[in-house]
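Subject: Structure handover

Dear colleague,

Here is the structure I said I would pass on. My notes on it follow below.

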Amino acid sequence: MQYNHREIEKKWQKYWADHHTFRAKDDFDKPKYYVLDMFPYPSGAGLHVGHPLGYIASDIYARYKRHKGFNVLHPQGYDSFGLPAEQYAIQTGQHPAKTTEANIKTYRRQLDQIGFSFDWSREVRTSNPEYYKWTQWIFIQLFNSWYNKDMDKAEAIDTLIQKFETNGTQGVNAACDDEVIDFSADDWNSFSAEKQQEILLQYRLTFLSDTEVNWCPALGTVLANDEIVNGVSERGGHPVVRKKMTQWSMRISAYAQRLLDGLNTIDWPQPLKDSQTNWIGRSQGAMVSFQVDGHEGEKIDVFTTRPDTIFGVSFMTLAPEHELVPKITTANQKATVEAYVEATAKRSERDRMADVKTISGAFTGAYAIHPFTGDKVEIWIGDYVLASYGTGAVMAVPCGDQRDYDFANHFGIAIPNIFEGADISEEAFADKEKTIITNSDFLNGLSYKKAMKRVIYELEERGIGYGKINYRLRDAVFSRQRYWGEPFPVYYKNGLPQMINAVHLPIELPEVEKYLPTEDGRPPLGNADVWAWNVETNKVVSNNLIDHKTVFPLELNTMPGWAGSSQYFNRYMDPRNSEEIFGKDKIDYWKQVDLYIGGSEHATGHLLYARFWQKFMFDRGFVPVDEFAKKLINQGMILGTSAFVCRLEGENTILSAGKIEGQKVQPIHADVSLVNASDELDIEGFKQWRPEFENAEFITEDDGTFKVSREVEKMSKSKYNVVNPDDICDEYGADALRLFEMFLGPLEQSKPWKTSGISGVYSFLKKLWKLFYSGDELAISDGEPTKDELKTLHKTIKKVEEDIENFSFNTSVSTFMIAVNELTAQKCNKREILEPLLVLISPYAPHIAEELWSTLGHNESISTVAFPVFEQKHLVESTKNYPISFNGK
RNA sequence: GCAGAAGUGGUGGAAUUGGUAGACACGCUGGACUUAAAAUCCAGUGGACAGUAAUGUCCGUGCGGGUUCAAGUCCCGCCUUCUGUACCA
């Protein structure tokens, strides 16, 4: 019998589906293991061979854990709300639900043919109302919570109301808006219900506020900071401008410190932790107030990480957008300042970033009073100070900060030196360790550390400042002006948001005529005719009925992409529960993801928000652990190996790779499917594919072949180097694809794909098959294995087990090859050797393992057969060559 | 600029703890089978030099130093590539 991958792979995929082989059981006595892939967005383009890399790795691990006796949860689903489907809807008028459904079908077919052991009975889709019901539910929980800094956790809003009722704001230590007012218990109790709601909104973990947002006119929506790359939208590369809008926000900043601390408790890659640490951006320093000379009551607050250098302040710089700028600018300087402010406003964010070197600014004519010396210091504006960070103002210490130094130099401002023994003639001195302060009154002679302590003490003593820890992390804007996302369970009464009672969820996305914003600039849901809430019937009703008494308008924004992906890992534990987001017994058993595999591009988006929601859910007692994923691995990218033909410049002559030396040529991408394993181009195929070269002259190598030159690039359609897993599965089979993807190299590294290499693993599978068959006959012996055969088996068990535990899947594939090569040489056909070998191989190449396992007479799937146990005694040698070394050789 | 990762044959990579560098594959070369090709199988394959040959000698893990009986691996200094991030006060 011949190895026929097409037949056996189909057969076993059907068997697994029919027998629900990979269904995770809620068998609470068994040890559990939860393996999860990052939520895929089902794009219209389908999968290329780079996408399944992580899925294959996680699948191997999941199957391995089943062999090891674990109850394995290995689910899959779709992050099915998102921009591309909506953009497509805008262009074609097709409902995004329809295209999403079609894309999911393609995705599912592609995933199925690779033989993954997913428990599809638990599939979730974020765009499914049964699922987003719980996304809306969590939103309501966030709305009904505040952050108690004294307890360092989120609490129900009721506990805050109690505090207000008994003591007012006295003793309340909460994460809240900046401009909250203080009041007594009596005040509170005399406030109108509306006023009380307005105040509470300033404390809730999700809240409405007028925020400066990143507005993308081309996409017609706001974008989160992590959705903007180099000042343009990540998707589409459209320009982004700042704009003030009323938006829902999430008070993630309340969790900044805990998000930072939690990183120490989880086994995630260091680069990923570093980028989260960076994004949170903790810095320790002090707030200092500077009075403005001649403007009674006006002060400039600055945050500084170097309060020890305060005696080196020789000017102040405000961001051009700073609110004080128009107030304090003198008549003399007005024209200059206004011109500068206007010029910076015009410069796009992108220009500002691209052009870091140019120093610009303007003097306001006003002066601030140095809080210690009482000296007058000039107040400047400059665009190197960002309005969005800190207070939008800095105390400039040119001798200790390079940007201040450059600014001072450029405008001829004095640079007083406050560092003992430091040379500041060329550049600023910023070495904290070597700092000794001088020319600084009470700080003279102190080191950085001592001076910090002392100056903060003085600032607090004199009431002009205080020590502070600042975070770069901003509260996350949670509203999107989009159609294809979760609707908010919110209606408006007198302009104040009201939560719909959770028992009436889900609030389903309404039908609209058009998916674009309305003509008067409201979000797409503004096009819906039936989008109002009746508080008596608790139903969504026609807009015509809005009377602001029993029928109210519903929220027009929808939630952002990360809403649905921030708790999906918990929902998988109990995905069909319609009473609760998940049962307590289920979450207590499955607890958290044990192994999470996905790309590093989610470092500061999904992975930060999901950790935030998990901590919130933990605080409120819904989940038992405050980190959702114990271990995380970032799989590397699979790159394409592009093929080029070279055309002689200005002529219609195309040269083979060996003929281009010394010639002026232009490289042209050739489709990789037209190139064979020896880099030879199918010239006729190429001519058909690019008819403009039909009459071109092809200069071949001396042996008559035409060779392309190759280069490793990102896999993309435009580079014609995309390889489709469908083709690979058809020609070589899923087992070969799985083995080859692992064989390419270490999981976490990026590596180039070259289809020619797959013949190696394919012939390995054929050799494995041949161990069982002699000609057409199954030839298996029940005889005693020899010493050598046992040695081969046991060293393979040892190595493969170590490899899987270390996620070193590439090396176990070579180990299999060595084992099969050795057993072939030994002419081994012993059941006692081949059966355990099949179990070893089955996580990697499950179809062939199942097929051979059943031909050995087993009626049950191999998937839960115990993993073979390594025995040291088989590796002991009877004779051994000892290498002897002289001088290390 | 900052942070992280990586530099090993023609190519992907292996060497998990400092102990025979290049496992396993791809490709290439030669051979068998075939009218021929594909497929399959067998042998060889880091470089240089010497020898008819078996074989031997030397050089070799980005570069320059160092530690050690012994370094791809450890230490110091540089170079290059990739990835992330950036006027963050």
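I start with the surface near RNA strand B. At least two residues of that surface come from each of helix 10 (270-280), strand 12 (299-304), helix 23, helix 24 (787-805) and helix 25 (809-825). Helix 25 gives the most, with six residues. Please keep in mind that this is a predicted model.

In total, 38 residues surround RNA strand B, and the closest are Thr305, Tyr389, Arg403, Ser678 and Lys799. On the RNA side, sugar and phosphate make up 67% of the atoms of RNA strand B that come within 4 Å of the protein. Sorted by class, the protein surface near RNA strand B has 14 nonpolar, 15 polar and nine charged residues.

For the phosphate, a polar side-chain atom of Asn810 lies 2.9 Å from a phosphate oxygen of RNA strand B. For the sugar, a polar side-chain atom of Thr304 is 3.3 Å from a sugar or linking oxygen of RNA strand B. For the bases, an N or O atom in the side chain of Asp803 is 3.3 Å from a base oxygen of RNA strand B.

Now the protein as a whole. Chain A has 27 helices and 33 strands. Its C-alpha atoms fill a box of roughly 100 × 75 × 65 Å along the principal axes. Chain A has 889 residues, of which 54% count as buried. Among the contacts in chain A with a separation of 6 or more, 72% are between residues 24 or more positions apart.

The other topic is the aromatic rings. The count comes to 69 aromatic pairs. In one of them, the rings of Phe569 and Phe628 have their centres 4.0 Å apart and their planes at 15°, so this pair is stacked; the cut-off for stacking is under 30 degrees. The pair links distant parts of the chain, 59 residues apart: Phe569 is in helix 17 (residues 568-571), and Phe628 is in the loop between helix 19 (606-619) and strand 25 (629-634). Phe569 is buried, with a relative accessible area of 0%, and Phe628 is buried too, with 1%.

Phe740 and Trp753 have another geometry. Their ring centres are 5.0 Å apart and their planes are at 75°, so the pair is edge-to-face, a class that needs an angle over 60 degrees. This pair also links distant parts of the chain: Phe740 belongs to helix 22 (residues 734-743), and Trp753 to the loop between strand 31 (751-752) and helix 23 (758-772), 13 residues apart. Phe740 is buried at a relative accessible area of 4%, and Trp753 counts as buried at 2%.

Some rings are joined into a group. Tyr33, Tyr61, Tyr64, Phe70, Phe807, Phe809, Phe816, Tyr844 and Phe867 form a cluster linked by ring pairs.

Finally, there are charges placed over rings. The charged end of Lys195 sits over the ring of Phe191, 5.3 Å from its centre. Arg690 lies over the face of Trp689, at 5.5 Å from the ring centre.

Regards

Definitions and conventions
Residues numbered from 1 in each chain as written. Chains lettered and ligands numbered in written order. Predicted model: local features only at pLDDT ≥ 70, side-chain atom pairs only at ≥ 80, totals over all residues. Heavy atoms only, no water. Phe/Tyr/Trp six-rings, centres within 6.5 Å; stacked < 30°, edge-to-face > 60°. Helix = DSSP H or I, 4+ residues; strand = E, 2+ residues; numbered from the N terminus. Buried < 20%, exposed > 50% of the residue type's maximum accessible area, 1.4 Å probe, protein only. Lys NZ or Arg CZ within 6 Å of the ring centre and 35° of its normal. Near = heavy atom within 4 Å. Polar contact = N/O pair within 3.5 Å; in protein donor to acceptor, adjacent residues only side chain to side chain. Nonpolar A, V, L, I, M, F, W, Y, C, P; charged D, E, K, R; others polar. Contact = heavy atoms within 4.5 Å.
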